Amino acid sequence: MLMETHKRHLLGWALFTPAAILLIAFTHYPTIATFINSLFSNSSIIRPSRFIGVEGYQDLFDDPVFWKVFSNNIWLALGTIPTSIGLAIIMALIVNKAVPGRSFLRIAYFTPTMLPMIAVANIWLFFYAPEIGMLDQVLGLFGIDSHNWLGNPSTVLPAIIVMTIWKEAGFFMIFYLAGLQTISPELAEAAELEGSSRWNFFWRVQYPLLLPTTLFVLINAFLNSFKLVDHLFVLTKGGPDNASNLILYYIYETAFSFLDISYASALTVFLLLLLAVTALAQFYFVDKRVHYR
Amino acid sequence: MSGIEIKNLTRVFGDVKAVDNVSFSVPEKTFTVLLGPSGCGKSTLLRMLCGLESATSGQVFIGGKDVTSLEAARRGVSMVFQSYALFPHLDVKENIQFGLKVRRVPKAERAEKTQAAAEIVGLSGLLDRKPANLSGGQRQRVALARSIVSEQSVCLMDEPLSNLDAKLRAEMRDEIRSLQQRLGLTVVYVTHDQVEAMSMADQIVLLDAGKIVQAGTPAELYTRPESVFSARFVGIPPMNILSIEMSDHDDFPAALSKTVNSNPSIGFIGVRPEHISVTSTGLPVTVFGTDYFGGETVVRAHYRDSTIYFRCADQPDIKPGDELNISWPEKQTHIFDQNKIRMASD
Ligand SMILES: Nc1ncnc2c1ncn2[C@@H]1O[C@H](COP(=O)(O)OP(=O)(O)OP(=O)(O)O)[C@@H](O)[C@H]1O
Ligand SMILES: [Mg+2]
C-alpha cells in the first residue's frame, strides 16, 4: 500500500519536473534575478555592486527619456488600437458574407499577420524611403514634395502607427470572423424579416454579441503595443531623438548599448508590472463579462 | 385579405430541384401544414414564401398581390424559426419589441403591445429574463410573441416544436392552434411529424422530393391516400401494403380476391391496422412482436415477405411465434395500380 503511494508520488514528480525546470530556469529565475538586479547598483572594476534599494525606480521617474518613451508607447496604443479594431471588424464583416473571391480576400487580409515583424519593417522601409520610396513616388505625382518620413520626429511615430495597423488589423480580423461565425444565421434572417437594415442589425445584434471578442482583442492589442519592437531595429533604432523609441527597445538599449544593467532591470520590472496588471484585468473582465450562451 | 397563392414555384440548387413546380393555395385564416420527409424541400418552400430564398421560377401571391420579387420585410409575413432565433443579448421584452423598434413605433405603444403579446403567450412574469435563462417552451413562446406583436396576418413556422420534449410538444400544439384561431392568422407550418400535421392542420400539403404528392384535409389524406407514399406517410403504424404479385389472392377477403383477379392493372392493396381483425380463415400470418400501449396492442406479423401491423383492443392473448389468420372488411381496402397510384374504385 505504502509502496503504491510512493510510486504514484514518484511518477507525479517525474512528470512535473521537466516542466518545472523549464519554467523556473527561463521564467521565474530571470524575473526574480531582474528584480534583485534592480535593487543593486552596477558593479565595475573599481566599485563593487552595492544595495541601492528603490533608487533605480526613482531614477526612472526623473528620466525624461523614460517619460518620452512611455508616452510614445501610449500614443502608439491610442493610434493603433481603435483603428485596427475598426478595420478588423469591417474586414471580418466583408469576408463573412458570401462575396465572390471570399477565400482570396481572407488570405489577403491575413497575410500581413503571418509575416515576421522584421519582414514587415523591410517592406515599409521601401514605402517610406525618401525620394525613391513608394509613398514619395505616388505623392510626387500630385506635386507633393518628398518627405523623410522616418527621419522627421513629427512623422516618424505616425508612420510606425500606420505600419502597425497594417500588420495587426488582419490578426484581429480572425477573432472577429470567428466571433461572427458563432452568431446563428437565423438571427440575421429574423432581423431581415422585421425590416432591420444592415446597419441596424450590426448595432443592435452583431456589435453587442461581439463585445467579449472586442474585450479580448482590446487587451491583446494593448499588450502587443508594448511587446512589438522588432521593427525599430530595422526602421529607426528609436530615433530620431527618441521620437519613435518604445519602452522595450529602450530597455534593450539601456542594457546592451549603455550597459546599465541596474537601470534596465528597474525598467523591466516596471514593464512587467504594467503587463501583469493588464493581463489580470483581462482575466477578470473576460471571465466576469457577460457570456450569452 | 391574407390568403396565399403559390403558382408553379420551383427552386433549383445546382442540379438539385429542391422545390419542383409546386402550386397550392392557403385560404385566409386557415392552418396549412407542409409535411414530408427530411430533405423534401419544405423549408426551401417556406423560405421562398417569406422571401428569405429567391424562387428560380414561379410566383407567390399574398393577399392577392404578387410578392415574388418583393423583399422579405415588405411581404407582410412573420416567421417562427426552428431554433427560435432569439437575440441572446436582449431580454424577453427587447426580443419581443425588436421589430417595433426597427419600425420606430413610439415607446408607449411599444410597451403596450409588448405587454399584450406577452400576456397572450403567458410570458408576463418573465419580461426581464435573458433567453439563456428560459426553458425551451418559454423560448418558443417568446418567438411566438415576437410574431404576434408584428401584427402580420400571415405567420410562417418552420418545425417550431422539434426542440421540445413530447409532453410540451403536445401542449404547444394546442396552444399554437388556438392562437391561430383566436387571432385569425393565416399559418403555414412546416413539419415532418405527421401527428402534428394531423392534429393541427386545416389542410395538409404532402411533399416528396420537391413535388406535391397530395394536398387535402387530414381526413382526406387518411381515408383517401392518393398514392402508396401518402398511405404510408400518414398514420402510425403506417398502412399495410401488400404487393399483388407476392400474395396469394385466395387468402384475401372473398369479394376482394374476385376484384383483384378480374383487374390485372391492380399492383398493390392497402389496409389500415385498425381495420384488421383476427379470424378463423383469411390471410395466414406469423406474429413476431407485440407492442402494448394500455388501451390497445399493436401486433407485428409477417405475411411472406411483408410486415403487417394490426391493432387489437386491450391485451389480446397473442405471443410472438403464433400463427393466425387475419381478415378485414372489403370496403376498407385501398387499391393502387402498378405505379403505386390510387385507382378509382367507386
Ligand atoms: N442553400 C442550399 N444549397 C444547396 N442545396 C440546398 C440548399 N438548401 C437546401 N438545399 C437542398 O434542397 C433540398 C431541400 O432542402 P430543405 O431544407 O428544403 O429540406 P426540408 O424538407 O426542410 O428538410 P428537413 O426536414 O431536414 O428540414 C435538400 O436536398 C437540400 O440539400
Ligand atoms: Mg427544414
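Reader: How much space lies in the second largest cavity?
Author: The second largest cavity holds about 40 Å³ of space in this predicted model. A cavity here is a set of points, on a 1 Å grid over the protein atoms alone, where a 1.4 Å probe fits but cannot get out. The volume is the space filled by probe spheres set on the points, with grid points joined across faces, edges and corners.

Reader: Which residues line the second largest cavity?
Author: The lining consists of B:L144, B:S147, B:I148, B:C155, B:M157, B:I176, B:L179, B:Q180, B:L185 and B:V187, where a lining residue has an atom within 4 Å of a point. Two or more residues each come from α5, β7 (154-158) and α6 of chain B. Helices (H or I, at least four residues) and strands (E, at least two) are DSSP runs, numbered from the N terminus.

Reader: And how do the residues of that lining divide by class?
Author: Eight are nonpolar, two are polar and none is charged. Ala, Val, Leu, Ile, Met, Phe, Trp, Tyr, Cys and Pro count as nonpolar, Asp, Glu, Lys and Arg as charged, and the others, Gly among them, as polar.

Reader: What are the conventions behind these values?
Author: Residues are numbered from 1 along each chain as its sequence is written, and chains are lettered from A and ligands numbered from 1 in the order in which they are written. As the model is predicted, local features need pLDDT of at least 70, side-chain atom pairs count only at pLDDT 80 or more, and totals for chains, interfaces and linings use all residues, while side-chain values use heavy atoms, with hydrogens and water left out.

Reader: Turning to helix packing, at what angle do α5 and α6 of chain B cross?
Author: Helix α5 (residues 136-149) and helix α6 (residues 166-183) of chain B cross at roughly 15°, and their axes come within 12 Å. Axes are lines fitted to C-alpha atoms, for helices over the stretch in contact, and angles run from 0 to 180 degrees between N-to-C directions. That angle makes α5(B) roughly parallel to α6(B), a term that covers angles under 35 degrees.

Reader: Which residues make the contact?
Author: On α5(B) they are B:G137, B:Q140, B:R141, B:L144 and B:I148, and on α6(B) they are B:L168, B:E171, B:M172, B:E175, B:I176, B:L179 and B:L183. Contact means heavy atoms within 4.5 Å. Seven of the contact residues are nonpolar, two are polar and three are charged.

Reader: What about α3 and α10 in chain A?
Author: α3(A) and helix α10 (residues 211-227) of chain A pack at an angle of about 145°, with axes 9 Å apart. By class, their contact has 11 nonpolar, two polar and no charged residues.

Reader: How much space lies in the largest pocket?
Author: The largest pocket holds about 500 Å³; a pocket is an open set with protein on both sides within 12 Å along at least five of seven lines. Of its 19 lining residues, A:P185, A:A188, A:R198, A:F201 and A:Q206 are the closest to its centre. α8(A) gives the most to the lining, with five residues.

Reader: Finally, where is the cis peptide bond?
Author: The cis peptide bond joins B:I236 and B:P237, with omega about -10°. B:P237 lies in the loop between α9 (228-233) and β11 (240-243) of chain B.

Key: Angles under 35 degrees count as roughly parallel, over 145 as roughly antiparallel, 65 to 115 as roughly perpendicular and the rest as oblique.
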